[in-house]
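Q: I would like to go through this model step by step. Could you take my questions in turn?

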Amino acid sequence: MPASVAALRTEVLDFEPYAAGLSIEEIRERYGLESVIKLASNENPLGVAPLVQKRLKTAAGLAFRYPKPDTPRLRKAIACRMGVDQSRVVAGNGSDEIIDILIRVRAVPGRDNVLAFKPCFSMYKIQSKFLGVEFRQVPVEADFTYDLDKLAERVDENTALVFVTSPDNPSGFAPKAAELEAFARSLPPACLFVVDEAYMDFAEPEEAYSIRNLLDELDNLVILRTFSKAYGLAGMRLGYGLMHPDLADYLMRVRLPFSVNILAEEAGIAAIEDTCFYEATLQAVRSGRERLAAELTAMGCVPKPTQANFLMFTLPEACSLSAKDVFEKLLERGIIIRPLGSYGLPDSLRVSIGNEHENHAFLRGLREVLEEARA
Ligand SMILES: Cc1ncc(COP(=O)(O)O)c(C=O)c1O
């Protein structure tokens, strides 16, 4: 390694990158398959909203222009949809970008810490470590519920941010809004409480779980949302944070000015307008997850209760195959799901709720794999 590279910051040399779900192309090539089904990254089961597709075609000719730095039209549309003032909205290149900037604007390396449950969405840890900030974790309970008192015990005067994912990834668990509210009120006012609601659209009913109505009351509360799931725009990279207007102002000053591109802005606005597609998505996910849970249970698997657009499960006790074996045998059949070894859960698997055809193919594939193992 040249000296110029060996001299990079230790946080870079030791960096463990984000492990993304496998792609359809990779598996098609590896196994010479014609059709591959991907249920690994919790994407939208219905694809891209019709209005988004139409608007993107019209907007394609604008791609040579720079977007407006603070994406005012999109922020206005989000503000209307979420019932908040536009000054509270910061849009980003996926909610990943908002997670990254929040840590960078608030946490001082060598002094502060960031706190979350274990397991949790890996980006909180990855970006904290990259910045050289201590990352603390409190294990979730054996049934994957949250003990928020235990989390509160680990907060000290140097806790800069607490991340709580609701509904959780990878388990699908969502704490009740009242519990989150009590925890939020117990935090020191200077500590940012970031509730990552990437999957909140799918919770039923949403009001029982989301605390976004507390934004006016709690200055340190940040709510994260994404267009990657219920709005079907994972590839466009669009997410946002709702927060105190002063905090939003600082975030917008420091972020790279054009991280939300001009087509993503158009797509986001159209996705909010296409309420039919949004409702159809919720319907497909809510009915699909019920069916998957019932069929997995009938096969002897143990699915966890979920409020998200995915489902975590373990295999039947008597199964001679490991979760990783089952994952690989499904891959050979052209079905990509997610093994959870990287989350520290080697016995669990996570499957996104797909459309009817995808759910059916997954269940058929899994049934075959389990029957083969029994034979
Ligand atoms: C809990 C959670 N937060 C945030 C994200 C990132 O979303 P985005 O695509 O908006 O960056 C994901 C993506 O899977 C997620 O699971």
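Q: Where is Asn-42 found?
A: Asn-42 is in the loop between strand 1 and helix 4; helices (H or I, at least four residues) and strands (E, at least two) are DSSP runs, numbered from the N terminus. This is a predicted model, in which local features need pLDDT of at least 70 and side-chain atom pairs count only at pLDDT 80 or more, while totals for chains, interfaces and linings use all residues. Residues are numbered from 1 along each chain as its sequence is written, and side-chain values use heavy atoms, with hydrogens and water left out.

Q: What is the phi of Asn-42?
A: The phi of Asn-42 is positive, about 55°, although Asn-42 is not a glycine. Most residues other than glycine have a negative phi.

Q: And Ser-41, what does its side chain make a polar contact with?
A: The side chain of Ser-41 makes a polar contact with that of Lys-38, at 3.3 Å. A polar contact is a pair of N or O atoms within 3.5 Å; within protein, one must be able to donate a hydrogen and the other to accept it, and residues adjacent in sequence count only if both atoms are side-chain atoms.

Q: Leaving aside neighbours within four places in sequence, which residues is Ser-41 in contact with?
A: Those are Gly-21, Lys-229, Arg-350 and Ser-352, where contact means heavy atoms within 4.5 Å.

Q: Turning to the ligand, which residues come nearest?
A: Of the 13 residues around the ligand, Ser-95, Asp-196, Tyr-199, Thr-226 and Ser-228 come nearest; a residue is near if one of its heavy atoms lies within 4 Å.

Q: Which side chain has an N or O atom 2.6 Å from a nitrogen atom of the ligand?
A: That is the side chain of Asp-196. For oxygen atoms of the ligand, an N or O atom in the side chain of Ser-228 is at 2.6 Å, and one in the side chain of Lys-229 is at 2.9 Å. The protein covers 94% of the 390 Å² of accessible area that the ligand has on its own, by the Shrake-Rupley method with a 1.4 Å probe.

Q: In what sense do strand 3 and strand 4 pair?
A: Strand 3 (residues 113–118) and strand 4 (residues 134–139) pair in the parallel sense over six bridges; two strands pair if DSSP finds at least two bridges between them. Val-114 has Phe-135 in strand 4 as its bridge partner. With helix 7 (residues 123–131), these two strands make a right-handed β-α-β unit: with the strands pointing away from the viewer, the path from the first strand over the helix to the second runs clockwise.

Q: Where is Pro-119 placed?
A: Pro-119 is in the loop between strand 3 and helix 7. A cis peptide bond joins Lys-118 to Pro-119, with omega about 0°. Another cis peptide bond joins Ser-166 and Pro-167, with omega about -10°.

Q: What is the order of the open sheet of four strands?
A: The order is 9-10-13-12, with antiparallel pairing. Strand 9 (302–303) and strand 12 (338–339) are at the edges with a single partner strand each, so one side of each has no neighbour in the sheet. Two bridges join strand 9 to strand 10 (residues 310–314), and Pro-303 has Phe-313 in strand 10 as its bridge partner.
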